[in-house]
Amino acid sequence: MKKIMQVFTTLVVSLLFTQVAQAAVDADAIKTSLMAARENLVAMIAAPDAADQDKYQEEITKATKGVDDGVAAALADKETLPEEVTKLEAFNTVWGDFKKTRDDEIIPAVKAGKVEDAKQLATTIQAERMKELTSSPP
């Protein structure tokens with residue numbers, strides 16, 4: 001009976017530590033924010049009214065902060081496993097490129113009324129980046 005209790009205790013402790021280590025990265029929260037940023041950008045591109053575009057841009061900013069904060073928290077967490085850190089760093093590189101194109105090219109094109117230019121970027125390089133971000137989430 002004592003041996004069974006030792007094995008059970010060891011199993012429970014190892015499961016707890018595994019869950020704690022896996023909890024270091026809240027991939028669901030990061031993915032939810034990522035998708036919110038994407039959905040609001042798509043809506044912004046389709047919105048003809050400047051006030052609606054501004055509303056969507058505010059939502060993009062909030063969602064972007066969610067992704068950035070989630071990734072930063074996971075990278076700062078000492079319990080994040082090394083293989084997760086590698087995934088997070090790769091994700092963050094693509095995410096940075098995505099944000100730069102969105103903020104420096106797509107959003108200004110939308111605001112300038114150059115919706116076709118914005119759509120072209122959104123359906124080419126940004127679509128590839130989004131596929132990469134969602135296929136290997138942190």
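Q: Which helix gives the most residues to the lining of the largest pocket?
A: In this predicted model, a pocket can be read by asking which elements supply its lining, and here helix 2 gives the most, with four residues. The elements that give two or more residues to that lining are helix 2 (27–46), helix 5 and helix 6 (125–135).

Q: Which residues line the largest pocket, and of what classes are they?
A: The lining is made up of R38, L41, V42, I45, F98, A122, T123, Q126, A127 and M130. Sorted by class, seven of these residues are nonpolar, two are polar and one is charged. The space in the largest pocket comes to about 180 Å³.

Q: How many helices and how many strands does the protein have?
A: An overall fold can be read by listing its elements in order, and for this protein the list holds six helices and zero strands, which gives the pattern α-α-α-α-α-α along the sequence. Among contacts between residues at least 6 apart in sequence, 71% join residues at least 24 apart.

Q: Is T101 buried or exposed, and why?
A: The reading starts from relative accessibility, where buried means under 20%. T101, which is found in helix 4, has a relative accessibility of 7% and therefore counts as buried. Across the protein, 27% of the 138 residues count as buried.

Q: What does T101 touch, leaving aside residues up to four places away in sequence?
A: T101 touches I106, I125, Q126 and R129. With R129 there is also a polar contact, in which the side chain of T101 meets the side chain of R129 at 2.7 Å.

Q: Which elements have the lowest and the highest mean pLDDT?
A: Confidence is read from pLDDT, and the protein averages 88, with 83% of the residues scoring at least 70. Among the elements, helix 1 (residues 2–22) has the lowest mean, 45, while helix 5 (residues 115–123) has the highest, 98. Over residues 7–22 the pLDDT stays under 50, and for this stretch the model has three contacts beyond four places in sequence.

Note on methods. Residues numbered from 1 in each chain as written. Predicted model: local features only at pLDDT ≥ 70, side-chain atom pairs only at ≥ 80, totals over all residues. Heavy atoms only, no water. pLDDT = per-residue confidence, 0-100. Contact = heavy atoms within 4.5 Å. 1 Å grid on protein atoms, 1.4 Å probe; cavity = no way out; pocket = protein on both sides within 12 Å on 5 of 7 lines; lining within 4 Å. Points joined across faces, edges and corners; volume = space filled by probe spheres on them. Nonpolar A, V, L, I, M, F, W, Y, C, P; charged D, E, K, R; others polar. Buried < 20%, exposed > 50% of the residue type's maximum accessible area, 1.4 Å probe, protein only. Polar contact = N/O pair within 3.5 Å; in protein donor to acceptor, adjacent residues only side chain to side chain.
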